[in-house]
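Please read it alongside the sequence and the coordinates shown here.

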Amino acid sequence: MSTVLIIEDEARIAAFIAKGLRSAGFTSHQTGSGIEGAVLAVHGDFDLVVLDVGLPDIDGFEVLERIRGQGVKVPVIMLTARTSVADRVAGLEGGADDYMPKPFSFEELLARIRLRLRTEAPTAAEPTQLSHNGLTLDLRTRRAEVNGRSIDLSAREFTLAETFLRNPGQVLSREQLLSNVWGYDFDAGSNVVDVYVRYLRGKLGRERFETVRGMGYRLV
């Protein structure tokens, strides 16, 4: 089981990432301090670091500099609300392996985490296709098939379908689907999940997505 160090001072975002990682089978450790995070990354036994740029004591760029300055090659994915190309370049040139702007969906972050871990440990095979009951998603081409027939899905529809296919037979609450597909900055009162499940039913088959009253949806 891989362990991820989360260096993020916004408790809501840190908890959102930790919860998603736990559901995906990872363990995690959180700190809101850049100074402590650098020490943990250097001396701890972590498989990957998720590092926020805007920390209260020292910023993420300095944390990254301290980590790389000690010769530690742990993969680092940086998070930031800054959108300038200069910041992104600074992070990548400073030794970051990837860079994600806020707000972000957890599914995208998880995909990037898995990619970095797979690059570091190529024997940890990650499936390139997900299949269940005649429905297949190709994660490389982002194409869907139902019983061999190709189906066009939007990016959001594909991510929602992927979430269901990674959890077949499990009831997924609207809150889980919102956080996984639309990110931490979602409106809990939104009906967007219901709308997109209706889209998937229309394209992939109504009978595949069961409504579990009062709880959410399940891929059957």
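Helix α1 supplies six residues to the lining of the largest pocket, the largest share. The model is a predicted one, and the pocket in it holds about 530 Å³ of space.

**Largest pocket**
- The lining consists of 23 residues.
- Those nearest the centre of the pocket are K19, G20, S23, S179 and N180.
- At least two lining residues come from each of α1, α5 (106–120) and α7 (174–182).
- Rolling a probe the size of a water molecule over the atoms shows where empty space is left.

**Helix α1**
- Helix α1 covers residues 11–23, which is 13 residues.
- At 1.5 Å a residue α1 should span 18 Å, and the 18 Å between its end C-alpha atoms agrees with this.
- I13, A14, F16, I17, A18, G20 and L21 are the buried residues of α1.
- An α-helix has 3.6 residues a turn, so residues three or four places apart point the same way.
- G20 is buried and is also listed among the residues nearest the centre of the largest pocket.
- After α1 comes G25, which has a positive phi near 95°.

**Four-stranded sheet**
- Four strands form an open sheet in the order β6-β7-β8-β9, and their pairing is antiparallel.
- The edge positions are taken by β6 (129–132) and β9 (149–151); each has a single partner strand, so one side of each is left without a neighbour in the sheet.
- On average, neighbouring strands of the sheet are turned by 20° against each other, direction ignored.
- Strands of a sheet pair through backbone hydrogen bonds, either parallel or antiparallel.

**The β6 and β7 pair**
- Four bridges join β6 to β7 (residues 135–138) in the antiparallel sense.
- Across this pair, L130 stands opposite L137, and Q129 stands opposite D138.
- Two residues lie between the strands in the hairpin of β6 and β7.
- In that hairpin, N133 has a positive phi near 55°.

**Helix α6 on the sheet**
- Helix α6 (residues 155–165) packs on the sheet and touches β6, β7 and β8 (143–146).
- The direction of α6 makes about 120° with that of β7.

Definitions and conventions
Residues are numbered from 1 along each chain as its sequence is written. This is a predicted model: local features need pLDDT of at least 70, side-chain atom pairs count only at pLDDT 80 or more; totals for chains, interfaces and linings use all residues. Side-chain values use heavy atoms; hydrogens and water are left out. Two strands pair if DSSP finds at least two bridges between them. Axes are lines fitted to C-alpha atoms, for helices over the stretch in contact, and angles run from 0 to 180 degrees between N-to-C directions. Contact means heavy atoms within 4.5 Å. The expected span of a helix is 1.5 Å times one less than its number of residues. Buried means under 20% relative accessible area, exposed over 50%, partly exposed in between (1.4 Å probe, protein chains only). On a 1 Å grid over the protein atoms alone, a cavity is a set of points where a 1.4 Å probe fits but cannot get out, and a pocket is an open set with protein on both sides within 12 Å along at least five of seven lines; lining residues have an atom within 4 Å of a point. Grid points are joined across faces, edges and corners, and a volume is the space filled by probe spheres set on the points.
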